[in-house]
Structures are given as C-alpha cells and as structure tokens.
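Please open the model in your viewer and keep the sequence beside it. The tour below moves from one selection to the next and says what is found at each stop.

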Amino acid sequence: MNAGAAAIAALLLTLPASAHARRVVLGHSVEGRPVDAVELGDPHSSNKLLVVGCIHGNECAGLAIVGALERLPMPAGLDLWVIENLNPDGHAAGTRQNAHGVDLNRNFPWVWRPLGGIYDSGPRPLSEPESRIAYHLILRVRPRISIWFHQHERLVDESGGDIAVERRFSALVGLPLRRLLREPGSAVGWENHRFPGTTAFVVELPAGSLPSAAAVRYARAVLALARKSAG
Ligand SMILES: [Zn+2]
C-alpha cells in the first residue's frame with residue numbers, strides 16, 4: 001500500500017458508521033469557535049429531525065447523545081440534522097450563557113422581552129450569532145421534530161407542538177412528561193409558533209454526565225421517535 005492509500009485507509013477507519021454523514025460549519029460563536037451541523041441519513045427524505053445537544057453551556061450531557069447518534073446506523077427515510085453544541089463558548093467557560101452573557105434560550109423571536117441576570121435575553125431578538133445560526137438552519141431545514149437537550153430536571157417538557165410526540169419520547173426514555181413554564185424568547189417556543197404542525201421540545205436530562213450506555217439508549221429513542229411518527 002502506498003502512502004496515499006494508507007492515509008485514505010486510516011481516514012476511513014475514523015469515519016462514523018453512518019453511510020451518509022456530512023459536516024457543515026454553520027457559523028461561529030462570539031469568540032470565534034465553529035458551530036457545526038452534521039447531517040445524517042437521507043438528505044432527500046421529507047422526514048426531517050433536528051437534535052441540539054447543548055444550548056446552555058453548563059448543561060451539556062446531551063453531547064454524549066449526539067455523539068452516540070452519529071455512530072448508529074440511520075433508518076431509511078430519515079434526514080437527521082444534529083447541532084452538537086450551539087454554545088461552545090459557554091461550554092468552554094462552564095457558563096449557561098454565551099460569551100456576551102446572554103441566555104441563548106431567551107434570545108429567539110417569540111414573545112421576546114428584555115430580561116436580565118442569568119436569563120439575560122440580549123439587547124434584541126436574535127442579537128447573538130449562536131441564536132441566528134440555529135434560526136437560519138431551522139428556517140432552511142424545517143424539521144418536523146426538534147429535540148433540545150438541557151439539564152438537569154429529569155423530565156420531558158410538554159413544550160407545545162404535538163403532545164403525542166413528547167409523550168412517546170417520554171415513554172421511550174423513561175422520563176416523566178411535565179409542563180415547564182413556556183419561557184419568552186425560547187427556541188422551542190419560537191419553533192412551535194412559527195411552524196404549526198411541527199413539534200419542538202425540551203428534554204431535561206439528569207445531572208452530571210451521561211454514562212455511555214444511557215447515551216446510546218437516548219440516541220436509539222431519537223431514532224425510534226423518528227420512525228414511529230413518520231408520515
Ligand atoms: Zn437549560
């Protein structure tokens with residue numbers, strides 16, 4: 001094997017199991033870190049799902065779930081979009097907010113209003129590059145279901161959209177279905193109001209990091225939800 005062939009063989013070994021995985025840089029955070037999306041499965045399928053592993057930088061257990069998703073074989077007829085980490089600056093700093101001190105999940109254009117403190121909603125809707133990145137991807141992809149991972153209340157939030165979808169995910173992962181306050185400027189609030197007929201919801205994972213077996217279990221639940229609710 002010549003050097004070029006060996007390099008290609010080594011590269012192939014590092015690729016995830018999914019046959020069709022495409023990574024795109026969507027934009028950059030306040031501090032210039034890339035924010036990527038990974039598209040898995042069939043780009044031509046109308047069954048489009050979005051999973052966001054982390055939006056609050058100190059609630060990032062969902063990163064293990066999206067990592068597991070990228071290693072699972074994709075079912076036919078699914079176009080799965082993954083934003084691993086929408087808030088890399090907050091994750092690096094261990095903060096809920098982005099590097100401007102803004103809570104990204106209060107910065108979306110649905111009943112946005114000025115908020116301060118730890119829920120600082122920014123100077124205006126979509127003031128933050130990270131929020132705009134998610135906003136533009138969602139407008140482009142129009143996911144039928146979006147799942148946003150947070151911590152650490154151990155529940156599936158009845159966030160709006162189709163409660164049957166949320167109930168099904170709750171049963172699949174064994175977390176109770178509860179209704180949290182519908183916060184102004186939240187990503188799921190914006191999605192559920194902007195795109196009637198779609199469902200965006202929050203999953204509050206347990207505290208701490210997820211063991212890898214649990215991450216795989218959540219990832220399989222995402223795929224099961226995609227299949228069961230298709231069409
Ligand atoms: Zn959160």
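## Helix H4

Select residues 129-141, which make up helix H4: its 13 residues reach 18 Å from the first C-alpha to the last, close to the 18 Å expected at 1.5 Å a residue. That expected span is 1.5 Å times one less than the number of residues in the helix, and helices (H or I, at least four residues) and strands (E, at least two) are DSSP runs numbered from the N terminus. Before going further, note that this is a predicted model, in which local features need pLDDT of at least 70 and side-chain atom pairs count only at pLDDT 80 or more, while totals for chains, interfaces and linings use all residues. Residues are numbered from 1 along each chain as its sequence is written, and side-chain values use heavy atoms, with hydrogens and water left out.

Now colour the buried residues of H4, which are Pro-129, Glu-130, Ser-131, Ile-133, Ala-134, Tyr-135, Leu-137, Ile-138 and Val-141. Here buried means under 20% relative accessible area, exposed means over 50%, and partly exposed lies in between (1.4 Å probe, protein chains only). Step just past the end of H4 to Arg-142, which takes a positive phi of about 55°.

## The zinc ion

Centre the view on the zinc ion and show His-56, Glu-59 and His-150, whose atoms ND1, OE and ND1 are its protein donors, lying 2.0 to 2.1 Å from it. Donors are N, O and S atoms within 2.8 Å of the metal (3.2 Å for Na, K and Ca), and sites may look incomplete because water is not among the atoms. Along the sequence, the donor residues are spaced H-x2-E-x90-H. The two histidines link distant parts of the chain, since His-56 is in the loop between strand E3 (48-52) and helix H2 (62-69), whereas His-150 is in strand E5 (residues 145-151), 94 residues apart. His-56 counts as buried at 2% relative accessibility, and His-150 is buried too, with a relative accessible area of 4%.

## The disulfide

Select Cys-54 and Cys-60 next, which form a disulfide with their sulfur atoms 2.0 Å apart. A disulfide is a pair of cysteine sulfur atoms within 2.5 Å, and the structure holds one. Both of these cysteines are buried.

## Aromatic rings

Show the side chains of Phe-108, Tyr-135, Trp-148, Trp-190 and Phe-195, which ring pairs link into a cluster. Rings of Phe, Tyr and Trp (its six-membered ring) pair if their centres lie within 6.5 Å, and planes under 30 degrees apart count as stacked, over 60 as edge-to-face and the rest as tilted. The structure holds six aromatic pairs. One of them joins Phe-108 and Trp-148 edge-to-face, at 6.3 Å centre to centre and with 80° between the planes. Phe-108 lies in the loop between helix H3 (88-93) and H4 and Trp-148 in strand E5, so the pair ties together parts that are 40 residues apart in sequence. Phe-108 is buried, with a relative accessible area of 0%, and Trp-148 is buried at 1%.

## Helix H5

Move to residues 163-173, helix H5, and colour its buried residues Val-165, Glu-166, Phe-169, Ser-170 and Val-173. Seen down the axis of H5, these residues fall within an arc of 135°, so they line one face of the helix; the arc is that of the directions from the helix axis to the C-beta atoms.

Which residue caps the N-terminal end of H5? Asp-162 does, with a side-chain oxygen 2.9 Å from the backbone nitrogen of Ala-164. H5 is followed by Gly-174, whose phi is positive, near 75°.

## Backbone details

Finish with the backbone, selecting Gln-151 and His-152, which are joined by a cis peptide bond with omega of about 0°. His-152 lies in the loop between E5 and strand E6 (155-157).

In the loop between H3 and H4, find Val-111, whose phi is near 40°, a positive value in a residue other than glycine. Leu-126 is placed in the loop between H3 and H4 and has a positive phi of about 55° although it is not a glycine; Leu-126 is buried, with a relative accessible area of 15%.

Note on methods: A polar contact is a pair of N or O atoms within 3.5 Å; within protein, one must be able to donate a hydrogen and the other to accept it, and residues adjacent in sequence count only if both atoms are side-chain atoms.
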